[in-house]
Amino acid sequence: MTFRFGPFVLDPRTRQLLRDGDEIALSPKAFQLLLLLVTNRARAMSRDELQQQLWPSTWVLETNLAGVVAEVRRALGDTAERPTFVRTMHRFGYRFIADVGEADGSPASSEPAMTCWLLWETRQVPLTEGDNVVGRGVDASVWIDAPGVSRHHARIIVRRGEATLEDLGSKNGTYVGGLRVTIPHRLTSGEQIRLGSVVITFRIPEPPGVTETAP
């Protein structure tokens, strides 16, 4: 599903914001914020709710959220004083106010887009098409706040049905199957990835309707 508003197209599948066909660069957190506001446009979202969605299970300064909102507004050519897209709800939060159209964003090819996940403790985090940075930094696509994890520790690139893992010069290394990742590593479902002392599992869910045969 893609979202159209004004001259913009927001595509969650490819994680792209387009204006008249040209891509506008957004940080992962700014893209996530814009998508949250657009999909919840029927209501205003509180600052607390947005912060919990963007930085789950951690406390961050309110200025972090304000900075991401400012980035979204710059990308849309919007202003807080005379908003066209993102309105500040005084002493509460933000709301997306432009008219939005929805369209089927499925690729023309009959080959389905790949869906994959990272599992860590009780969390299950979806990976999107393109680059997914994993790390302790609040701007990481997959945020893991744990000792031994670098701000930008590793990257998982999802493209055309394949997922590739790369280390980003982390201090404590990235490992798969006990071996340190020094060159790009193609991931398979069920592989465990160790980032410092943290172990996460890469998973590709079985297609709907697939059932194992009972012995």
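A guided look at a predicted model

Visitor: What makes strand 1 and strand 2 a hairpin?

Guide: Two residues lie between strand 1 and strand 2 in this hairpin. In that turn, G6 has a positive phi of about 55 degrees. Please keep in mind as we go that this is a predicted model.

Visitor: How do you know that strand 1 and strand 2 count as paired?

Guide: Pairing asks for at least two bridges, and three bridges join strand 1 (residues 2-5) to strand 2.

Visitor: What makes strand 2 and strand 3 a pair?

Guide: The test is again at least two bridges. Strand 2 and strand 3 (residues 16-19) have four bridges in the antiparallel sense, so they pass as well. L10 turns up here too, with L17 in strand 3 as its bridge partner. The hairpin of strand 2 and strand 3 has four residues between the strands, and R15 there takes a positive phi near 55 degrees.

Visitor: Why is strand 2 described as covered on both faces?

Guide: Look at its residues, 8-11: F8 and L10 are on one side, V9 and D11 on the other, and all of them are buried. Buried here means under 20% relative accessible area.

Visitor: Why does T14 count as buried?

Guide: T14 has 19% relative accessibility. The limit is under 20%, so T14 falls on the buried side of it. T14 sits in the loop between strand 2 and strand 3.

Visitor: What makes the approach of the T14 side chain to the side chain of D11 a polar contact?

Guide: The distance is 3.4 Å, and the cut-off for a pair of N or O atoms is within 3.5 Å, so the pair qualifies on distance. The T14 side chain also makes a polar contact with the side chain of Q16, at 3.0 Å.

Visitor: Why are strand 5 and strand 6 said to stand at the edges?

Guide: First, the sheet they belong to: an open sheet of three strands in the order 5-7-6, with antiparallel pairing. Strand 5 (45-46) and strand 6 (86-89) each have a single partner strand, so one side of each is left without a neighbour in the sheet.

Visitor: How do you know that strand 5 and strand 7 pair?

Guide: They share two bridges in the antiparallel sense. At least two are needed, so strand 5 and strand 7 meet the requirement. S46 stands opposite G93 in strand 7. Helix 1 (residues 28-39) lies across strand 5, strand 6 and strand 7, and runs at about 70 degrees to strand 7.

Visitor: Which element gives the most to the lining of the largest pocket?

Guide: The largest pocket has a volume of about 460 Å³. Of its 20 lining residues, Q32, Q53, V125, P126 and S141 are the closest to its centre. Helix 1 gives the most to the lining, with six residues.

Visitor: What makes L118 a lining residue of the largest cavity?

Guide: A lining residue has an atom within 4 Å of a cavity point, and L118 is listed along with L119, W120, R123, V125, V142 and I144. That cavity has a volume of about 30 Å³. Strand 9 (116-120) and strand 10 each supply at least two residues of the lining, and strand 9 gives the most, with three.

Key:
Residues numbered from 1 in each chain as written. Predicted model: local features only at pLDDT ≥ 70, side-chain atom pairs only at ≥ 80, totals over all residues. Heavy atoms only, no water. Buried < 20%, exposed > 50% of the residue type's maximum accessible area, 1.4 Å probe, protein only. Contact = heavy atoms within 4.5 Å. Axes fitted to C-alpha atoms, helices over the stretch in contact; angles between N-to-C directions. Polar contact = N/O pair within 3.5 Å; in protein donor to acceptor, adjacent residues only side chain to side chain. 1 Å grid on protein atoms, 1.4 Å probe; cavity = no way out; pocket = protein on both sides within 12 Å on 5 of 7 lines; lining within 4 Å. Points joined across faces, edges and corners; volume = space filled by probe spheres on them.
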